[in-house]
Amino acid sequence: MMDYSKVLSQRAVQLKPSGIRRFFDIASEMKDVISLGVGEPDFKTPWSIRRAGIESLEKGHTWYTANAGLIALRTEISNYLSRRFSLDYDPKQEVFITVGGSEAIDLCIRAIVEPGDEVLVVEPSFVCYDPITRLTGGIPVPIATKAEDSFRLTAQQLQAAITPKTKLLILPFPNNPTGGIMRRRHLEEIAEVLRGTDIMVLSDEIYAELTYGDERHVSFASIEGMKERTIVVNGFSKAYAMTGWRLGYAAGPEPVIKQMVKLHQFAIMCAPTTSQYAAIEALRHCDPDIERMRDEYDMRRRLVVEGFNRIGMTCFEPEGAFYVFPSIRKTGMTSNEFCMKLLEAEHVAVVPGDAFGQSGEGFVRVSYSYSVNHLVEALKRIERFIHTLENN
Amino acid sequence: MKEQDIEKMLRLLADNAKLSNAQIATMIGASEQEVADAIADCEKKGIIKGYRALIDWDKTGRDLVGARIELKVIPNGVMGFEEIAYTISQFREVETCYLMSGGYDIALTISGKTFKEIALFVAHRLAPLEPVQSTSTHFILRKYKERGIMMVEDNEDEREVTSL
């Protein structure tokens, strides 16, 4: 018989599996589970976007596109980045289309990181930065953001983490799972530390459209002098509720994009054609849909934050994405214990904070991409669970 | 409260009238008192007309038959469209009554215990009204959606577990 332990790549085998999956595999076996675990919009893709996808199929646009994606779409992306975030990118040389923001992250790390290079990973954060860095032979160096800093990366933390081997900083804001964001003045401070170094920045801005309050999201690439070192990753999943279409993009300096497109050619060829046609419609006509969904998320966000604080689970007020990240320290449990017990007692599924890096221990991630009624019911159950704990 | 916040409040209530004032206040960023005042004001002005449960009677023992009736009417010296619609709206059986553009003038939905009861209502109550020129009765076979809410089993949350 084949001994697979001898066959498989040790680099692959040694990667830890995502902590989110493992937990939800248990939850999916149970009945009457209310989940607050899903990291994608509950809205359907706006109808006009779906219609554009259908039309492209009706017209028979069923071939590959150029490796970098339809030029019409790249041009719209360039216009969009300029309109929403005052960024200026050449659609021919500096923008290309990927299979979700995830692929862009993968390609960016692989295009830049060499064995032994250190990659600064701001944590808690999306689960893929660390394993992809390891696959390239790079060394992930976590920088733990703190609730008392509103889960922002500070200049001091960055300064302290930089060594001569530092190659890349991954800047994941608005942040999954904390909901933390970086305002312009915070980005200016980060830029000040990076000026005069050769450190590159992967700015994962997939939640850029989901920033609450009066000020809009500011792209790191728009900070003076940062464009030359920044690869902006964004996509259609969160802003336009298009997760299943698998479409994202990267924008950055031409020499970096060129290498990323080369890797993309060999691995993927091109992003799905139907999705690309649909995305053109999204960028041309669907700004109002973004506003509508953001308003809805904002109401839920307030409801959930207030709910947790009332229950006594201290909750930092997130200003971005669609997650809250309440502390569970006062229960004395680990995140994992808390989530398992909550699931068993009240059939509510939330994600243990340590799934997003060690610094997430002591927190849980709660998604509010659910209907108000669903959230109200879930909060009621969580409140009952906390009271039971307190009375025992 | 600001106009746009009142609209947000009304949209929340239209979706779920059981939300507490505190919950609404949190969601729109107002105080509980402001919400209570705004609701009272909307009730007084007749903007909020009532709070009623949406019940799927098919799941209960109570038998109900629903119908949609299209009326063509000819206003006369005594009764204009307004008076006709008002008169018809007074019948207890009438659930909705709208003045329409297009091929007919007034659309009603009504419900009764049996098909016969509805037929008799049309024959004895509506048809004799002088301005009513013709009636066309369509029985409702199945309700899929009512006031924005799915009456048939809605899709489960299809979102599957992924790594994020």
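Modeller: Start at the contact between the chains: chain B contributes 10 residues and chain A contributes 17 residues. On the side of chain B that touches chain A, 4 residues are nonpolar, 5 are polar and 1 is charged. Keep in mind that this is a predicted model.

Now chain B itself. It holds 5 helices and 6 strands. Read from the N terminus, the order is α-α-α-β-α-β-β-α-β-β-β. The radius of gyration of chain B is 21 Å, whereas the globule rule gives 15 Å for 164 residues, so chain B is more spread out than a compact globule. The C-alpha trace of chain B spans about 60 × 40 × 30 Å along its principal axes. Buried residues account for 17% of the 164 residues in chain B. Look next at the contacts in chain B between residues at least 6 apart in sequence. Of these, 53% join residues at least 24 apart.

One residue of chain B is worth a stop. Lys8(B) sits in helix H1, residues 3–15 of chain B. Is Lys8(B) buried or exposed? Lys8(B) has 21 other C-beta atoms within 10 Å, and the cut-off for buried is 20 or more, so Lys8(B) is buried. Glu95(B) is 87 residues from Lys8(B) along the chain, and their C-alpha atoms are separated by 27 Å.

Turn to chain A, beginning with a helix pair. The axes of H13(A) and H14(A), the latter covering residues 372–391, come within 10 Å and cross at roughly 110°. Angles of 65 to 115 degrees count as roughly perpendicular, so that is how H13(A) stands to H14(A). From H13(A), the contact uses Leu342(A), Ala345(A) and Glu346(A). From H14(A), the contact uses Arg381(A), Ile382(A), Arg384(A), Phe385(A) and Thr388(A). By class, the residues of this contact between H13(A) and H14(A) are 4 nonpolar, 1 polar and 3 charged.

Stay with H13(A) and step past its end. His347(A) lies in the loop between helix H13 (335–346) and strand S10 (348–349) of chain A. His347(A) is not a glycine, yet its phi is positive, about 55°. With 16 other C-beta atoms within 10 Å, His347(A) is partly exposed.

Arg246(A) is another residue to check. Its phi is near 50°, positive in a residue other than glycine. Arg246(A) lies in the loop between strand S7 (230–235) and strand S8 (248–251) of chain A. Arg246(A) has 18 C-beta neighbours inside 10 Å, so it counts as partly exposed.

Why flag such backbone features? Because most residues other than glycine have a negative phi, and most peptide bonds are trans.

One joins Glu123(A) and Pro124(A), with omega about -5°. Pro124(A) is in the loop between strand S3 (118–123) and helix H7 (129–135) of chain A. A cis bond also runs from Phe173(A) to Pro174(A), where omega is near -10°. Pro174(A) is in the loop between strand S5 (166–171) and helix H9 (184–194) of chain A.

Methods
Residues numbered from 1 in each chain as written. Chains lettered and ligands numbered in written order. Predicted model: local features only at pLDDT ≥ 70, side-chain atom pairs only at ≥ 80, totals over all residues. Helix = DSSP H or I, 4+ residues; strand = E, 2+ residues; numbered from the N terminus. Rg over C-alpha atoms; globule rule 2.2 N^0.38 Å. Buried ≥ 20, exposed ≤ 12 C-beta atoms within 10 Å, placed from the backbone. Contact = placed C-beta atoms within 7 Å. Nonpolar A, V, L, I, M, F, W, Y, C, P; charged D, E, K, R; others polar. Axes fitted to C-alpha atoms, helices over the stretch in contact; angles between N-to-C directions. Parallel < 35°, antiparallel > 145°, perpendicular 65-115°, else oblique.
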